[in-house]
Amino acid sequence: MSKYRTFCFDNYVFDKANKTLVLRYNFDSQESLEERYVFNCDFVDYNQDALDRALQLLFLMAGISYYKAYLPPKIITKNLTIDPTVANFLSKTYQKGLGEFFYENSLAFNNSIEFPITATEISPLEIDSDGTLVAVGGGKDSIVSVEKMKGNLDVTTWSLGHRQQLEPLIKQLDTEHIWVERQLDPKLFKLNSQGAYNGHVPISAIFGCVGAILCILTGKKDIVMSNEYSANEETMVYQGYKINHQYSKTSEFEEDFQRILTHLFGNGIRYYSLLRPFSELQISEMFAQYFDKYRDVFSSCNRAFVQRSDALGWCGECPKCVFTFLALATYLDIDQVTALFGGKNLLLNKDLRKSFQKLISSDQRKHFDCVGTIEESRYAMKQLLDQFPESKALFGELHTNYDHATTQPHLIPQDIVSKLDLL
């Protein structure tokens, strides 16, 4: 039973002069928490009603970071407009987005997270907009998206946090860039140390909501992500439910979120992944042509963002590093790839054998990390084993049905497809 009975979305305040947003939450009107954002960009003459809708959407989505601490049985809102469509979207995203969290904390999969409905179906607000906002996270995928769009479209890049680490990459991208700062309430970490639940949240869903606010503040139309088709493969099955570490990067979430944006803003804001038609390996092949340009300023290692460092790097140990090694080594010279990891060939590291095995074995659960599908991992491994036959005894003969040439369904608008040499 939860320590608290209610989780309350208390209020949000946007200070236009200081470009600051404050989100406030509480448990049983006792334990209060707040989250802050700073939008470092020039504002257009935006539609205030549209901004309020976008601010509220982020307020409701960002609350997942705090709600999960105690999982109270009842959610309360104050002065928020939540119609059935928005309520259902939030409930589904919380449930599926917390799937890994439920597993990690040995909790029952919670399919009864319900948001209060406070309004009948609302009508969309039509807003004028143009141009694209491409999210940059520091890895190879967003680099490919930016390179594919630059020169063909009006591109502005943006990022959420990690400014010191990302500045060298942004300089190399040579784009107009927007820095958004986010500060979680430090009290949350104190609560975790005192026994509150902790674990994975659907962070890309929060990113999407921040992107919607940026679109309104800057007059842009498109929130462009770099999520690949591989993200659709579930990590495991838990209590009969498919659990996906990358749920908010899936095609399912992308379609749901675009539907909500259309519901709220008509055709004024669009959300899609430019790389959805492709697998991780196909994207790695695309990135190979840009490798020399970005080799010193990118990283796909998640630990690069949690270590106290002002620069990106590679730990050479985590599942993301292991998979990235496989993917890049399939299309680059092995010496180029090992140079990223301090001259070490990860495939020959005995301590990483289990991690590699987990990537390619269909009999095991996948890593809880943003890695490729089992089939493409097996394909990549097969290519490397031909180069390093001494490893064949460890991983055996590999068979795979991976089709390198196949592209997959996507939600990229046709006007964008027609301007890019992508498909």
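**Helices, sheet and a loop**

Reader: Which is the crossing of α3 and α9, left-handed or right-handed?

Author: The crossing of α3 and α9 is left-handed. That term goes with a near helix turned anticlockwise from the far one by less than a right angle. Bear in mind that this is a predicted model.

Reader: Which residues of α3 and α9 make the contact?

Author: From α3 there are T85, V86, F89, K92, T93 and K96, and from α9 there are E252, F253, D256, F257, I260, H263 and L264. Sorted by class, that gives six nonpolar, three polar and four charged residues.

Reader: Why are α3 and α9 called roughly antiparallel?

Author: Helix α3 (residues 84-97) and helix α9 (residues 251-265) pack at an angle of about 155 degrees, and their axes are 11 Å apart. Angles over 145 count as roughly antiparallel, so that is the term for α3 and α9.

Reader: What makes β4 and β11 edge strands?

Author: Look at the order of the open sheet, which has nine strands: β4-β1-β2-β3-β7-β6-β5-β8-β11, with mixed pairing. β4 (74-77) and β11 each pair on one side only, which makes them the edge strands. Direction ignored, neighbouring strands here are turned by 20 degrees against each other on average.

Reader: How do you know that β1 pairs with β4?

Author: Two strands pair if there are at least two bridges between them, and strand β1 (residues 6-15) has four with β4, in the parallel sense. F9 has T77 as its bridge partner in β4, and C8 stands opposite I76. On to β2: eight bridges join it to β1, and these strands run antiparallel, with F14 opposite L21.

Reader: What about β8, how is it joined to β5 and β11?

Author: Three bridges join strand β5 (residues 132-135) to β8, running parallel, and L133 stands opposite I223.

Reader: Which way do the residues of β8 point, and are they buried or exposed?

Author: D222 and V224 point one way, I223 and M225 the other, and all are buried.

Reader: Why is α5 said to be largely enclosed by the rest of the structure?

Author: Buried means under 20% relative accessible area. Ten of the ten residues of helix α5 (residues 140-149) are buried, so α5 is largely enclosed. Among them are charged ones, including K140, D141, E147 and K148. Just after α5, G151 takes a positive phi of about 85 degrees.

Reader: Why is K16 called partly exposed?

Author: Exposed means over 50% and buried under 20%, with partly exposed in between. K16 has 49% relative accessibility, so K16 counts as partly exposed. K16 lies in the loop between β1 and β2 (20-27). In that hairpin, with four residues between the strands, K19 takes a positive phi near 55 degrees.

Reader: Which residues is K16 in contact with, neighbours within four places in sequence aside?

Author: Those are F43 and Y46. As for Q282, 266 residues from K16 along the chain, the C-alpha atoms of the two are separated by 42 Å.

Note on methods
Residues are numbered from 1 along each chain as its sequence is written. This is a predicted model: local features need pLDDT of at least 70, side-chain atom pairs count only at pLDDT 80 or more; totals for chains, interfaces and linings use all residues. Side-chain values use heavy atoms; hydrogens and water are left out. Buried means under 20% relative accessible area, exposed over 50%, partly exposed in between (1.4 Å probe, protein chains only). Helices (H or I, at least four residues) and strands (E, at least two) are DSSP runs, numbered from the N terminus. Axes are lines fitted to C-alpha atoms, for helices over the stretch in contact, and angles run from 0 to 180 degrees between N-to-C directions. Angles under 35 degrees count as roughly parallel, over 145 as roughly antiparallel, 65 to 115 as roughly perpendicular and the rest as oblique. Contact means heavy atoms within 4.5 Å.
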